[in-house]
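Reader: I would like a close look at a single part of this structure, the surroundings of its ligands. Please take me through them step by step.

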Amino acid sequence: MMNQDTLPNLYDLSLAEMERLMTAWGQPAYRARQIFRQLYVNLVDSPLAMTDLPLALRERLVAETRLAPLAPEQVHVADQGLTRKALFRLENGVLIESVLMIYPDRATVCVSTQAGCGMGCVFCATGTLGLLRNLSPGDIVAQVVWAAREMRRFAAERCISPSLAPPDDDSWWTPDTLEDQGSSEARSISVSRLSNIVFMGMGEPFANYDRWWRAVEILHDPRGLNMGARSMTVSTVGLIPGIRRLATETLPINLAISLHAPDDALRSALMPVNRRYPLAALFEATRDYLAVTGRRVSFEYVLLQGKNDEPEHAAKLAALLRGEAGMTPLPLHLVHVNLIPWNPVPGMPLGRSERRRVLTFQRILRERGIACTVRVERGVSIAAACGQLAGERGLKVGG
Ligand code: SAH
Ligand code: SF4
C-alpha cells in the first residue's frame with residue numbers, strides 16, 4: 001500500500017493538471033472536467049460519489065490520489081448562526097481556523113494561508129504562535145470547500161425552518177461598516193451561496209505566495225467554484241515583493257495592506273516587518289501597484305487605545321497619504337482606510353479603542369478627504385474576529 005501522504009491531493013490540482021493526470025492514465029481529458037465539477041460544484045467528499053465516472057476510474061482515484069475534505073474538530077457559532085468558526089486539524093497535526101460570515105446579501109469566508117505566522121505583529125494572536133507550516137494550495141482550497149458546503153446546508157435549513165429568517169428587530173445584524181447601518185434593503189438574507197473569500201485568516205499570504213496563488217487560480221476556475229476575482233481580497237502585512245507580484249497577475253483580486261501606524265518608529269514597534277520594508281518603500285510599491293492596476297487599495301488600521309489612536313496619529317496618517325510628509329501622494333480616489341478596533345487577545349497588555357476615539361479618528365481622516373470606514377467585527381465572543389485566530393491556544397484561552 002502506498003503512503004497516503006505521497007499521493008496527489010485532488011484539491012491541489014488545477015484543471016490543467018487534472019487533465020494531464022487523466023491523459024497519463026489513458027483517460028479522455030473531459031474526465032478531468034467531470035472530476036472538477038464533482039469536487040467544486042457538487043462538493044462530493046469521495047471519488048466514489050462521482051457517479052458520472054466509470055467505477056474503475058473512481059476506484060483508481062481512491063487508490064492513487066487523496067481527497068481529504070476538511071472536517072472541523074470544532075465549530076463555534078455566534079451572531080445567531082451567522083458567524084461560524086471552524087477549527088481544522090491538518091494531516092500532520094497542525095491546527096488552522098476558518099471563519100464563515102453570513103450577511104444579508106453575501107457570505108464571506110476568511111481563510112488561513114499558513115499555520116501560525118512568522119511576522120510577529122505584537123497585537124495578533126496568530127503571531128504568538130510563530131510560523132508552524134505553510135499551507136498547501138489544497139489546504140487553502142479545502143477551507144473554501146468547507147464554507148461552500150456550510151452555505152449549502154444553511155440554505156437548505158432556511159427553506160425548512162423559517163425561524164432562521166431575520167427577526168423583526170435587526171439587532172442580530174452586524175454590518176461590515178457603520179455606514180451600512182442605514183441601508184434597509186439588505187435586512188433580509190437573500191444569500192444562498194458562498195460569494196466572497198478573504199485571505200485574512202491565520203498567516204501572511206505573501207510569505208506563502210506560490211501555493212496561495214495556485215489556490216486562488218483553482219478557486220477562480222469557472223468550471224469549479226467560479227469565485228470571481230473581484231470577490232477575493234488578500235491582506236498583507238506589507239511584503240513588498242508580494243505587492244509587486246500581485247500587480248503583474250492577470251486575475252484582478254483586491255488588495256488590503258496592514259498599515260497600523262503613521263510613522264516608522266511606531267510601525268516598527270508594532271510590526272517588526274517594518275524594519276525590512278519601511279513606510280517609504282511600502283508607499284512606493286503601493287503607488288506602483290495603483291498605477292499598474294488602477295484598482296482600489298484599502299489600508300487596514302488596527303486601533304489600539306493610547307498607542308496609535310490619538311488625533312495626532314490620524315492627522316499624521318492623512319498627511320502621509322496626501323503626500324504632505326515629504327512623500328509623493330497616493331491617488332486618494334483609489335485609497336480607502338479601514339479602521340479595526342483591536343480585538344482583545346488574552347494576555348496582551350493592549351486595549352481596544354473606545355468608540356468615541358474611533359469616530360474621532362475617522363472624522364479627522366474624512367475631513368482631510370480620505371475615504372474611511374470602521375469595521376464592526378463578527379464573532380468576537382468566539383475569538384473568530386481579525387487577529388484572534390490561534391488554533392488550540394485560542395480555544396484554551398476561550399475556554
Ligand atoms: N497577515 C495578514 C493577513 C491576516 S491578519 C496581515 O497581517 O495583513 C488580517 C488583519 O487583522 C490584519 O490587518 C491584521 O493586522 C489584523 N489584526 C491582527 N490582529 C488583530 C487584532 N487582535 N484585532 C484586530 N485586528 C487584528
Ligand atoms: Fe501575521 Fe498578519 Fe498576525 Fe501580523 S497580523 S502576525 S502578519 S497574521
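## The ligand surroundings

Author: In this predicted model, the shell around ligand 2 is made up of five nonpolar residues, three polar ones and no charged ones. Its members are Cys117, Met119, Gly120, Cys121, Cys124, Gly127, Gly203 and Val237.

Ligand 1 comes next. Its shell has nine nonpolar, eight polar and two charged residues. That shell holds 19 residues, and the closest are Ser235, Ser258, His260, Trp342 and Asn343. Two strands, β8 (232-236) and β10 (297-303), each provide at least two residues of the shell.

Histidine 260 places a polar side-chain atom 2.6 Å from an oxygen atom of ligand 1. With asparagine 343 the backbone takes part: one of its polar backbone atoms is 2.8 Å from a nitrogen atom of the ligand. Glycine 203, listed above around ligand 2, also has a backbone N or O atom that lies 3.0 Å from a nitrogen atom of ligand 1. Taken alone, ligand 1 would expose 530 Å², and the protein buries 96% of that area.

The chain around these ligands can be described briefly. It has 399 residues, of which 56% are buried, and it contains twelve helices and twelve strands. Of the contacts between residues at least 6 apart in sequence, 67% join residues at least 24 apart. The chain exposes about 16600 Å², with carbon and sulfur atoms supplying 52% of that.

Helix α4 (residues 137-160) contains glutamate 150. Is glutamate 150 buried or exposed? With a relative accessible area of 6%, glutamate 150 is buried, because that value falls under the 20% cut-off. Apart from neighbours within four places in sequence, glutamate 150 is in contact with Arg84 and Leu100.

Helix α9 spans residues 279-293, which is 15 residues. From its first C-alpha to its last, α9 reaches 21 Å, close to the 21 Å expected at 1.5 Å a residue. Its buried residues are Leu279, Leu282, Phe283, Ala285, Thr286, Arg287, Tyr289 and Leu290. An α-helix has 3.6 residues a turn, so residues three or four places apart point the same way. Just after α9, glycine 294 takes a positive phi of about 65°.

Key: Residues are numbered from 1 along each chain as its sequence is written. Chains are lettered from A and ligands numbered from 1 in the order in which they are written. This is a predicted model: local features need pLDDT of at least 70, side-chain atom pairs count only at pLDDT 80 or more; totals for chains, interfaces and linings use all residues. Side-chain values use heavy atoms; hydrogens and water are left out. Helices (H or I, at least four residues) and strands (E, at least two) are DSSP runs, numbered from the N terminus. Buried means under 20% relative accessible area, exposed over 50%, partly exposed in between (1.4 Å probe, protein chains only). Contact means heavy atoms within 4.5 Å. Accessible areas come from the Shrake-Rupley method with a 1.4 Å probe; for residues, only the protein chains shown count as cover. The expected span of a helix is 1.5 Å times one less than its number of residues. A residue is near a molecule or strand if one of its heavy atoms lies within 4 Å of it. Ala, Val, Leu, Ile, Met, Phe, Trp, Tyr, Cys and Pro count as nonpolar, Asp, Glu, Lys and Arg as charged, and the others, Gly among them, as polar. A polar contact is a pair of N or O atoms within 3.5 Å; within protein, one must be able to donate a hydrogen and the other to accept it, and residues adjacent in sequence count only if both atoms are side-chain atoms.
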